[in-house]
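Me: Please examine the following model with me, taking its side-chain pairs and surface in turn.

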Amino acid sequence: MAAPWVMHQRWTNVMFAHWPVRAEVLRPLVPLSLVIDTFDGDAWVGVIPFRMSDVRPRGIPPLPWVSAFPELNVRTYVRVGGTPGVYFFSLD
């Protein structure tokens, strides 16, 4: 059942940079309940800088002093029960 959207945000100036890493190197950093996803035998670590703007809950106008800011996330890709997902090492 689809639920109504609860939050709005716009991403601009996005860069996706990824590096292959051996999955066994990441294993101590990722919860054991998650399967580290691989491609061609390697896990991947992504560093994604971008600018978030117009961040707001549904029905609320954006607030200039809190609705726009730069973000940087560092992540890898995982699976839970066969469903793909993203595991964030940091959201700064």
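Me: Is Trp11 buried, exposed or partly exposed?
Reply: The model is predicted: local features need pLDDT of at least 70, side-chain atom pairs count only at pLDDT 80 or more, and totals for chains, interfaces and linings use all residues. Residues are numbered from 1 along each chain as its sequence is written, and side-chain values use heavy atoms, with hydrogens and water left out. Buried means under 20% relative accessible area and exposed over 50%, with partly exposed in between (1.4 Å probe, protein chains only). Because its relative accessibility is 37%, Trp11 counts as partly exposed.

Me: How many aromatic pairs are there?
Reply: A pair of aromatic rings is described by the distance of the centres and the angle of the planes. Rings of Phe, Tyr and Trp (its six-membered ring) pair if their centres lie within 6.5 Å; planes under 30 degrees apart count as stacked, over 60 as edge-to-face and the rest as tilted. By this rule, the count of aromatic pairs is 2.

Me: What is the angle between the planes of Tyr87 and Phe89?
Reply: Tyr87 is partly exposed, with a relative accessible area of 23%, and Phe89 is partly exposed at 30%. Their rings form an edge-to-face pair, 5.4 Å centre to centre, and the angle between the planes is 85°.

Me: Which residues does Val14 touch, not counting residues up to four places away in sequence?
Reply: Val14 is placed in the loop between S1 and strand S2 (17-21). Its C-alpha atom is separated by 4.3 Å from that of Phe50, 36 residues apart along the chain. With contact meaning heavy atoms within 4.5 Å, the residues that Val14 touches are Ile48, Pro49 and Phe50.

Me: What accessible area do Trp11, Val14 and Phe16 have together?
Reply: These residues form a nonpolar patch on the surface. For such a patch, residues need over 30% relative accessible area and no salt bridge, and nonpolar side chains (Val, Leu, Ile, Met, Phe, Trp, Tyr) are joined within 5 Å, whereas like charges are joined within 9 Å. Accessible areas come from the Shrake-Rupley method with a 1.4 Å probe, and for residues only the protein chains shown count as cover. Together, Trp11, Val14 and Phe16 have about 280 Å².

Me: Which residue forms a salt bridge with Asp37?
Reply: A salt bridge is a side-chain nitrogen of Lys or Arg within 4 Å of a carboxyl oxygen of Asp or Glu, and the structure holds 3 of them. Asp37 lies in the loop between strand S3 (35-36) and S4, and its partner, 42 residues apart, is in strand S5 (residues 69-80). The N to O distance is 3.3 Å, and the partner is Arg79.

Me: Are Asp54 and Arg56 buried or exposed?
Reply: Asp54 and Arg56 form a salt bridge, their closest N and O atoms being 3.3 Å apart. By contrast, Glu24 and Arg22, which meet in a salt bridge of 3.0 Å, are both exposed. Asp54 and Arg56 are both buried.

Technical notes. Helix = DSSP H or I, 4+ residues; strand = E, 2+ residues; numbered from the N terminus.
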